[in-house]
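Welcome! Please take a look at it below.

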Amino acid sequence: MRNAFADEITKLGMADPRVVLLSGDIGNKLFDKFKQHNEERFFNCGVAEANMMGVAAGMALSGQRPVIYTITPFTTTRCYEQIRVDACYHNAPVIIVGTGSGLSYAELGPTHHSCEDLAIMRVLPNLTVLAPADEVELRLCLRAALELDGPTYMRIGKKGEPVNHSTPPAFAIGRAITVRDGTDACLISTGTVLAVATGAADILAAQGIRARVESFHTVKPLDQDTLSEVFERFAVVGVVEEHSRIGGLGGAVAEWLAARGGARGRLVSFGTSDEFMPEIGSQHYARARYGLTAKNIAGKLADVLHHSGL
Amino acid sequence: MNIDELQSLARTVRARVISTSSRTQTPHLGSCLSCVDILVAAYFHGLHLEPKKPRDADRDRFILSKGHGAPALFQVLAMRGFYPESLLDSYGEDGGLFAEHPPAPKHLPGIEAATGSLGHGLPMGLGMALAARIQKRDYRVIALLSDGECNEGSVWEAAMMAGAQKIGNLMVVVDFNKWQATGRSEDILALSPLADKWRAFGWDATEIDGHDMRALMEIMSRPLRNRDKPLAFIAHTVKGKGVSFMEDDNNWHYRIPNDEEVLRAHRELGVTP
């Protein structure tokens, strides 16, 4: 995904002189092409993320379109006040990219995990929060974010994520993409864990349960139209995210559901637990630890369906 | 405006800040009084800006990074014509425009950055200065910091990046009044040697008297074209400057003057606001 980001931002940088790329001392060689074409608009800001966020906001207030890139905890929790005040309060059109989100860096330990970023970012006024599922959605998200007049946060994966879309789908910020149609249940997924959700739909299909799958690349603003539709239509709606079950997309949907006074559909949340992962392992291992596997999700969904007598 | 007029204006600003503090129960009087001369020299002498075109792309940017000096800035911006002075009548009122710190620029003409949380103004100013370089514009960016603000790590992150970028159109003025909220700034964190710290980070740094209007006029009008180093001025100031019973008394960081103290202060300043 990061290679797709580098490729897309290079293209955008060549087409739009407002685009500035700021890196927090990562992406060795990743941005060589961007630098080659737009040297005066690339800044390695060093390991100083608070300053990087303020610099980006200052540039945005002076007519540039800065894009910040570093590992997710360092571009979110590390400099949260700068995001809140400099980017969001000023409504400065800064694009904050967090790479290696969720459990992408599972083996690096909890300092490099990000299972709380969606929670803390979506509460900020003016901020659009995106989590593309694959490189196709990433390119669409980045282009759309550049058209916004306010700040955007985009959490992306690392590398080698499966591609879900063979052709670019119709895209708008705040409108989920239907990845697969279904009649019996629904899975809504945000970020790169979408492939796990479609895997769960495959397993369910083999059992005769047809699950619809929605890619919620936008966590904020929440796609309430799609939520209304699926919660009225389906008895079970599972939310799948590589993020804490507290405060992320599942939390946002639960807030929406409670405020609405409930719906036909029952919400089942799949995400990480309220802990810093005490063991080391691959992303695959870490996902399995928190039940973010196709098999577990399919099993839980089938269980709930049976218990609801449907 | 000549130097006498600027000094007279500074006395008027001080008097207005004091009466507004009393009327609206707004603190940070000492911090406001220490930077009044700097603000007056900037807005009435040095800065290239047109109050009727507050968002002009080529304007100089002045950022009050020590946002708690806003009560002084609000008076100066009104007197400079960014908004009618009558707007200040709503100061501190429910539903009004004026918080105790500068709001986001869209809420009030003349404001470049919402500050108040310390350590934000210089990074944002650096971003604005770098944008000028990208766009090949000549504007200058001036950030006014407090000495207490130099506790913030983000100040030094920005200082390092400004040094590395050899950004010449960026100027810092430190309102060095020797106090922060609860004590001497020299004692709380190791601030000295302040000018040398800026030099060590790749800046040119000069110490000045922050109440010497002639010196302030000179630095505020200094062209920053063709420089390859950012510029810092350590402005030695007196907290509570201009009123004998407030000078260098840190109680006036939070204290609100009563009616009698307002009268005494106005008498000393020779001003009826």
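From which domains of chain A does the lining of the second largest pocket draw at least three residues each? They are domain 1 (2-155) and domain 2 (177-307), with bounds that come from an automatic or database domain assignment.

This is a predicted model, where local features need pLDDT of at least 70 and side-chain atom pairs count only at pLDDT 80 or more, while totals for chains, interfaces and linings use all residues. Residues are numbered from 1 along each chain as its sequence is written, chains are lettered from A in the order written, and side-chain values use heavy atoms, without hydrogens or water.

On a 1 Å grid over the protein atoms alone, a cavity is a set of points where a 1.4 Å probe fits but cannot get out, and a pocket is an open set with protein on both sides within 12 Å along at least five of seven lines; lining residues have an atom within 4 Å of a point. Points are joined across faces, edges and corners, and a volume is the space filled by probe spheres set on them.

| Space | Volume |
|---|---|
| Largest pocket | about 390 Å³ |
| Second largest pocket | about 280 Å³ |
| Largest cavity | about 80 Å³ |
| Second largest cavity | about 70 Å³ |

Among the 20 residues lining the largest pocket, Arg137(B), Asp138(B), Asn169(B), Leu224(B) and Arg225(B) lie nearest its centre.
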